[in-house]
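Let's walk through how this protein is put together on the inside.

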Amino acid sequence: MGVRLPTDLRASLLCHDGDSSYLGILPCGPLYSTDAIADVRQRRMKTWEGEDDPDEQETPWWGRQWIPFAGGDGDEHFIDAGPGLWQDHLGRAPHADHAYFLGWPSLGTWLHEVAEAMEHHDRTDRLDSVAHPSVDEDGEIDW
């Protein structure tokens with residue numbers, strides 16, 4: 001890909017190679033395998049307008065240093081692998097809108113908060129930075 005994988009993403013991929021479920025259990029959708037990361041990134045890079053689009057600097061659709069790690073149906077969650085202010089930060093790139101950063105400084109930080117929300121999903125006295133999931137009567141997790 002020509003981009004170094006962020007440390008947290010490499011560590012996550014060493015534990016698993018994506019999520020094989022259709023919807024995933026995380027609020028971002030299923031985690032991508034290494035093959036899916038490469039495929040989704042290549043697809044995004046082919047359709048990215050980049051330097052030909054003057055609006056790209058202010059409201060990007062896709063960035064050259066972004067690595068998708070989860071999503072589906074063209075709605076990607078990504079990590080900025082480039083240098084600078086947003087390095088390692090998480091973002092979301094919907095298929096029909098501009099991308100934006102989510103405020104999480106790293107995948108590890110976000111995954112920790114998601115795990116905390118899952119562990120304490122039934123405690124109403126906790127204020128977490130990730131919404132608490134609920135489990136419906138079919139056993140499906142809803143964020």
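The largest nonpolar core has 21 residues, and those touching the most other members are Leu 9, Cys 28, Phe 69, Leu 90, Leu 107 and Trp 110. A nonpolar core here is a set of buried Ala, Val, Leu, Ile, Met, Phe, Trp, Tyr and Cys residues joined through side-chain atoms within 4.5 Å. Keep in mind that this is a predicted model, where local features need pLDDT of at least 70 and side-chain atom pairs count only at pLDDT 80 or more, while totals for chains, interfaces and linings use all residues. Residues are numbered from 1 along each chain as its sequence is written, and side-chain values use heavy atoms, leaving out hydrogens and water.

- Another core lies apart from it and has five residues, including Trp 62, Trp 66, Phe 78 and Ala 93.
- In soluble globular proteins, nonpolar side chains tend to be buried together.

**Helix H2**
- Helix H2 covers residues 34–47, and its buried residues are Ile 37, Val 40, Arg 41 and Arg 44; buried means under 20% relative accessible area, exposed over 50%, and partly exposed in between (1.4 Å probe, protein chains only).
- Look down the axis of H2 and these buried residues fall within an arc of 100 degrees, so they line one face of the helix; the arc is that of the directions from the helix axis to the C-beta atoms.
- On the face of H2 turned away from its buried side you'll find the exposed residues Asp 35, Arg 43 and Lys 46.
- The buried residues of H2 pack against helix H1 (7–15) and strands E1 (66–72), E2 (75–80) and E3 (90–93), with contact meaning heavy atoms within 4.5 Å.

**Aromatic rings**
- There are seven aromatic pairs in the structure; rings of Phe, Tyr and Trp (its six-membered ring) pair if their centres lie within 6.5 Å, with planes under 30 degrees apart stacked, over 60 edge-to-face and the rest tilted.
- Trp 66 and Phe 101 have ring centres 5.9 Å apart and planes at 85 degrees, so the pair is edge-to-face.
- That pair links distant parts of the chain, with Trp 66 in strand E1 and Phe 101 in strand E4 (residues 100–101), 35 residues apart.
- Trp 86 and Phe 101 have ring centres 4.4 Å apart and planes at 10 degrees, so this pair is stacked.

Methods: Helices (H or I, at least four residues) and strands (E, at least two) are DSSP runs, numbered from the N terminus. The expected span of a helix is 1.5 Å times one less than its number of residues.
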